[in-house]
Amino acid sequence: NSSSVKEFILLGLSENQGVQKIYFVVFLLLYMLTVAGNLLIVLTVRYSRHLNTPMYVFLCHLSFVDVCYSSVTAPQMISGFLVEHNTISFAGCIGQLFGLHFFGCTEIFILTAMAYDRYVAICRPLHYPALMSRRLCGRLVGGSWAGGFLHSTLQTLPTALLPFCGPNKVAHFFCDVRPLLRLACADTHAAGLAAVANSGLISLSCFLILVASYVVILVSLRGKTPAGWHKALSTCGSHVTMVILFFGPCTFVYIRPSGDLSEDRSVAVFYTLIVPMLNPLIYTLRNGEVKGAMRKLCRR
């Protein structure tokens, strides 16, 4: 690497010292809730015998990914509120970039696999055990992790190989492709387009697959009883909520042309911390089985 920059300074969310102390308390609390809530779901699914269906296997992986995803950015950001210069080494910065895209993309693929699971459960209920076998479920989960790894490698390598010779102030609270491309001492036009194409295409194509699957589900519900509608929509409601909350901000940040990075920062807080925190709430509040299993686990 021809980089002469050994470390970067992350500018964070605010320059104001007083505001930073408030942020420290708020974000530390959010992060602790995120980790505790998602780990509780992972433990509940792992140790409850009747939660071993594909839907809950996906949910368990989704919660684990959320813990990892928020842990890539939050601890660095939170500790940064207490120091004057929040520095990160070059290797740490590239590692953060890799982790962010690895877990973010894995989450997108798992959400897409969950849509297929819901489609089979609602539209082909009699064939569900055959179509959604443990083996296929394992393959979909494995494929999601492998796809996330491939996407992240393609996203990180071109950025890591760029020359950085100063300035070293990253206009963000974590290392992402866009703010880093602005600091490179080379023409980054092609790298920028590739990054947008890579992240943007994955977000958009998975989002379209999800929308299509829900259109098919809704069409298949024509002529069903109100009870049938209610059951189908209650199993899909939490998934649709997660998809909108996660894909909306991601698509906004990665597909639009590079403009004001301060907008990206506020949106990034939403999808790196707030959405992973909401995931356990969305899935447990709408799901009696998970709530019951959690109570049993807590009693044990």
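Trainee: What should I keep in mind about numbering and confidence?

Mentor: Residues are numbered from 1 along each chain as its sequence is written, and side-chain values use heavy atoms, with hydrogens and water left out. As this is a predicted model, local features need pLDDT of at least 70 and side-chain atom pairs count only at pLDDT 80 or more, while totals for chains, interfaces and linings use all residues.

Trainee: How far apart are the end C-alpha atoms of residues 22-43?

Mentor: UniProt, in an unreviewed entry, lists residues 22-43 among those under "transmembrane region"; such annotations may be inferred rather than shown by experiment, and positions follow the numbering used here, with feature names shortened. The span is 100% helix and 0% strand, where helices (H or I, at least four residues) and strands (E, at least two) are DSSP runs numbered from the N terminus. Its end C-alpha atoms are separated by 32 Å.

Trainee: At what angle do helix H3 and helix H5 pack?

Mentor: Helix H3 covers residues 90-123 and helix H5 covers residues 134-160, with their axes 7 Å apart. Axes are lines fitted to C-alpha atoms, for helices over the stretch in contact, and angles run from 0 to 180 degrees between N-to-C directions. On that scale, the angle is about 145 degrees.

Trainee: Which residues meet in a salt bridge?

Mentor: Side chains of opposite charge can pair when their charged atoms come close. The rule asks for a side-chain nitrogen of Lys or Arg within 4 Å of a carboxyl oxygen of Asp or Glu, and the count comes to 1 salt bridge. At 2.9 Å, N to O, the partners are Asp-117 and Arg-118.

Trainee: Is Asn-38 buried or exposed?

Mentor: Asn-38 belongs to helix H1, residues 17-47. Buried means under 20% relative accessible area, exposed over 50% and partly exposed in between (1.4 Å probe, protein chains only). Because its relative accessible area is 0%, Asn-38 is buried.

Trainee: Which side chain does the side chain of Asn-38 contact?

Mentor: A polar contact is a pair of N or O atoms within 3.5 Å; within protein, one must be able to donate a hydrogen and the other to accept it, and residues adjacent in sequence count only if both atoms are side-chain atoms. At 3.5 Å, the partner side chain belongs to Asn-279.

Trainee: Which backbone oxygen does the side chain of Thr-272 reach?

Mentor: Thr-272 sits in helix H9, residues 261-285, and counts as buried at 1% relative accessibility. At 2.7 Å, its side chain reaches the backbone oxygen of Ala-268.
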